[in-house]
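These are my notebook entries on a structure that is new to me. I wrote down what I looked up, one topic at a time.

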Amino acid sequence: MVLSNQNLNTFLTHLAIKHNIDLPKEMSEFVVDRNPETNKEKIQFVFMAVSEISGISVGNLLGKNRKAEYTIWKHIARYICIINRYGSLSFIANEINHMDHSSLIHSRNLVNDLLDCNDRQMTECFNKVKHLINETNKEKKDVNSIGSYSGHSDS
């Protein structure tokens with residue numbers, strides 16, 4: 001029997017939850033947290049953190065406004081939700097103003113590309129948000145801190 005990526009993800013998630021298994025890091029990247037209420041709270045928290053750092057209201061971050069000063073922050077918030085696997089792309093997209101999942105793919109690719117080429121503005125903005133979220137999670141003793149994804153560092 002051959003499993004598709006989606007079926008493998010579902011299978012691994014089911015096994016991990018059912019048997020309370022901590023998957024190795026290499027496998028855990030495929031597991032999406034399936035608790036919608038927890039994920040909704042995490043998505044809201046990310047957007048509130050981005051709002052606090054950027055000075056842009058959560059409403060404007062979730063809105064359809066395409067002002068240049070808003071878009072970098074919108075992409076960062078979406079990217080953080082994706083890399084932390086706060087649900088499927090469709091779930092996250094639905095929570096973020098009922099957008100299409102392809103907008104999330106664009107955000108993920110854009111932030112990845114800009115971080116990979118060490119774009120100064122993107123790196124500074126991302127690191128500010130990452131620092132705030134990690135500090136807040138340390139205070140709450142939350143294990144969902146944001147690490148250095150794709151080799152990105154705070155420098």
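**Helix H5.** I started with H5, which has 16 residues and reaches 23 Å from its first C-alpha to its last, close to the 22 Å expected at 1.5 Å a residue. The expected span of a helix is 1.5 Å times one less than its number of residues. Helices here are DSSP runs of H or I with at least four residues, strands are runs of E with at least two, and both are numbered from the N terminus. Is H5 enclosed by the rest of the structure, or open? I found 13 of its 16 residues buried, so H5 is largely enclosed by the rest of the structure. Buried means under 20% relative accessible area, exposed means over 50%, and partly exposed is in between, with a 1.4 Å probe and protein chains only.

**What I am looking at.** This is a predicted model, in which local features need pLDDT of at least 70 and side-chain atom pairs count only at pLDDT 80 or more, while totals for chains, interfaces and linings use all residues. Residues are numbered from 1 along each chain as its sequence is written, and side-chain values use heavy atoms, with hydrogens and water left out.

**The whole chain.** I counted eight helices and zero strands in the protein chain. Read along the sequence, the pattern is α-α-α-α-α-α-α-α. Of the 155 residues in the chain, 35% are buried. I also looked up contacts (heavy atoms within 4.5 Å). Among those between residues at least 6 apart in sequence, 57% join residues at least 24 apart. The chain exposes about 9,500 Å², and carbon and sulfur atoms supply 51% of that. These areas come from the Shrake-Rupley method with a 1.4 Å probe, and for residues only the protein chains shown count as cover.

**The core.** Which residues have the most contacts inside the largest nonpolar core? They are Val46, Trp73 and Ile76, in a core of 32 residues. H3, H5, H6, H7 and H8 are the elements that give two or more residues to this core, and H5 gives the most, with 10. A nonpolar core is a set of buried Ala, Val, Leu, Ile, Met, Phe, Trp, Tyr and Cys residues joined through side-chain atoms within 4.5 Å. I noted for background that nonpolar side chains tend to be buried together in soluble globular proteins. Leaving aside neighbours within four places in sequence, isoleucine 76 is in contact with Val111, Met122, Cys125, Phe126 and Val129.

**Leucine 104.** This residue lies in helix H7 (residues 101-116). Leucine 104 is buried, because its relative accessible area is 0%. Beyond its neighbours within four places in sequence, leucine 104 is in contact with residues including Arg78, Ile82, Leu89 and Ile92. Leucine 104 and tyrosine 79 are 25 residues apart in sequence and 7.4 Å apart in space, C-alpha to C-alpha.

Asparagine 84 is in the loop between helix H5 (68-83) and helix H6 (89-95). Asparagine 84 counts as buried because its relative accessibility is 15%.

**Helix H3.** H3 (residues 36-54) has 19 residues, and its buried residues include Ile43, Phe45, Val46 and Phe47. Glutamate 41 is also found in H3, but is exposed, with a relative accessible area of 53%. Glycine 55 follows H3, and its phi is positive, near 80°.

**Cysteines.** Last, I looked for disulfides (pairs of cysteine sulfur atoms within 2.5 Å), and the structure holds zero. Cysteine 81 is buried at 0% relative accessibility, whereas cysteine 117 is exposed at 53%.
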